[in-house]
Amino acid sequence: MSSITFSTAAVRPVRPATRLRLTARGRCVLLALAALPLAFGIAFAALSGGSALATGEGAGTVTFETVTVMPGDTLWSIAAEVSPESDPREVIGEITRLNMLQGGVLQIGQELSIPAEYAS
């Protein structure tokens, strides 16, 4: 029987797997690919949204009755004065929403708009 021998020069050493490195050009390509859906979305919104025109034809003029806050006034007293036949809690809620009041804090001299259903 014959034997085969290998010299150390014929055997290639096993190299560890190299890490994938992202070059500057690769980062630019990856960024461009990631930005494409966003660019298409913006272009679609700009092209399809251009047909909506803001006109004042259908809008009517809304006027509000206002009340000036005097020293000692509270939302409860204003609600009772504006609409004595309604539940003051409902009137306070509507006044708060209409005037965007935070926590029901009033300032002396502040103008409060009164909802149309409670205005006389």
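A salt bridge is taken here as a side-chain nitrogen of Lys or Arg within 4 Å of a carboxyl oxygen of Asp or Glu. By this rule, two salt bridges are counted in the structure, which is a predicted model.

One of the salt bridges joins Arg-89 to Asp-87, with 3.2 Å between the closest N and O atoms. Arg-89 is exposed, at a relative accessible area of 59%, whereas Asp-87 is partly exposed, at 28%. A further salt bridge links the side chains of Arg-97 and Glu-94, with an N to O distance of 2.8 Å. Both Arg-97 and Glu-94 belong to helix H3, which spans residues 88–99, and they are three residues apart, or about one turn of the helix. Arg-97 has a relative accessible area of 57% and is exposed; Glu-94, with a relative accessibility of 27%, is partly exposed.

Helix H3 also packs against helix H2. The arrangement of two packed helices is described by the angle between their axes and the distance between the axes. The axes of H2 (residues 75–82) and H3 come within 9 Å and cross at roughly 105°. Angles of 65 to 115 degrees count as roughly perpendicular, and H2 and H3 are therefore roughly perpendicular to each other.

On the H2 side, the contact comprises Leu-75, Trp-76, Ile-78 and Ala-79; these meet Pro-88, Arg-89, Val-91, Ile-92, Ile-95 and Thr-96 of H3. Classified by residue type, the contact of H2 with H3 consists of eight nonpolar residues, one polar and one charged.

Notes
Residues numbered from 1 in each chain as written. Predicted model: local features only at pLDDT ≥ 70, side-chain atom pairs only at ≥ 80, totals over all residues. Heavy atoms only, no water. Buried < 20%, exposed > 50% of the residue type's maximum accessible area, 1.4 Å probe, protein only. Helix = DSSP H or I, 4+ residues; strand = E, 2+ residues; numbered from the N terminus. Axes fitted to C-alpha atoms, helices over the stretch in contact; angles between N-to-C directions. Parallel < 35°, antiparallel > 145°, perpendicular 65-115°, else oblique. Contact = heavy atoms within 4.5 Å. Nonpolar A, V, L, I, M, F, W, Y, C, P; charged D, E, K, R; others polar.
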